[in-house]
Amino acid sequence: MTLEELKAEAKKHGYKLTKEYKYISLAPCICGSNRRTQWYAPGNTHYYKCNQCGFRTEPAKTKHEAKLKWNECVENARKELK
């Protein structure tokens, strides 16, 4: 059965297929704090900012992308500190 056939069958029964997203946990900040706040920037973008030290990421289009960027930025910052 192809994806289109599966979607048509699901629609016939009143269901809708959606992409499954894996849960992403946020890494602790470079200062060690686990308190982060999600912010909204102009242009309907999201970013995370540490409540303790002010470390923040670049804006992303979705909350999912914002979490990925946070984890990536923290990892890169830790590598630079070593």
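**Aromatic pairs and cysteines**

Author: A search of the whole structure finds two aromatic pairs. The model is predicted: local features need pLDDT of at least 70, side-chain atom pairs count only at pLDDT 80 or more, and totals for chains, interfaces and linings use all residues. Residues are numbered from 1 along each chain as its sequence is written, and side-chain values use heavy atoms, with hydrogens and water left out.

Reader: What describes a pair of aromatic rings?

Author: The distance of the centres and the angle of the planes describe such a pair. Rings of Phe, Tyr and Trp (its six-membered ring) pair if their centres lie within 6.5 Å; planes under 30 degrees apart count as stacked, over 60 as edge-to-face and the rest as tilted. Here, tryptophan 39 and tyrosine 47 are stacked, at 6.5 Å centre to centre with 10° between the planes.

Reader: Which arrangement do phenylalanine 55 and tryptophan 70 have?

Author: Their ring centres are 5.5 Å apart and their planes stand at 70°, so this pair is edge-to-face. Phenylalanine 55 lies in the loop between strand S2 (45-50) and helix H2 (63-81), and tryptophan 70 lies in helix H2, so the pair ties together parts that are 15 residues apart in sequence. Helices (H or I, at least four residues) and strands (E, at least two) are DSSP runs, numbered from the N terminus.

Reader: Is tyrosine 47 buried or exposed?

Author: Buried means under 20% relative accessible area, exposed over 50%, and partly exposed in between (1.4 Å probe, protein chains only). Tyrosine 47 is buried because its relative accessible area is 10%, whereas tryptophan 39, at 39%, is partly exposed. Phenylalanine 55 and tryptophan 70 are both buried.

Reader: Which residue lies over the face of tyrosine 47?

Author: A charge sits over a ring if NZ of Lys or CZ of Arg is within 6 Å of the ring centre and within 35 degrees of the ring normal. Arginine 56 lies over tyrosine 47, at 3.8 Å from the ring centre. Lysine 49 lies over the face of tryptophan 39, at 5.6 Å from the ring centre.

Reader: How many disulfides are there?

Author: A disulfide is a covalent bond between the sulfur atoms of two cysteines. The rule requires a pair of cysteine sulfur atoms within 2.5 Å, and the count comes to zero. For cysteine 29, the nearest cysteine sulfur is that of cysteine 53, 3.6 Å away. Cysteine 29 is buried, with a relative accessible area of 1%, whereas cysteine 53, at 41%, is partly exposed.
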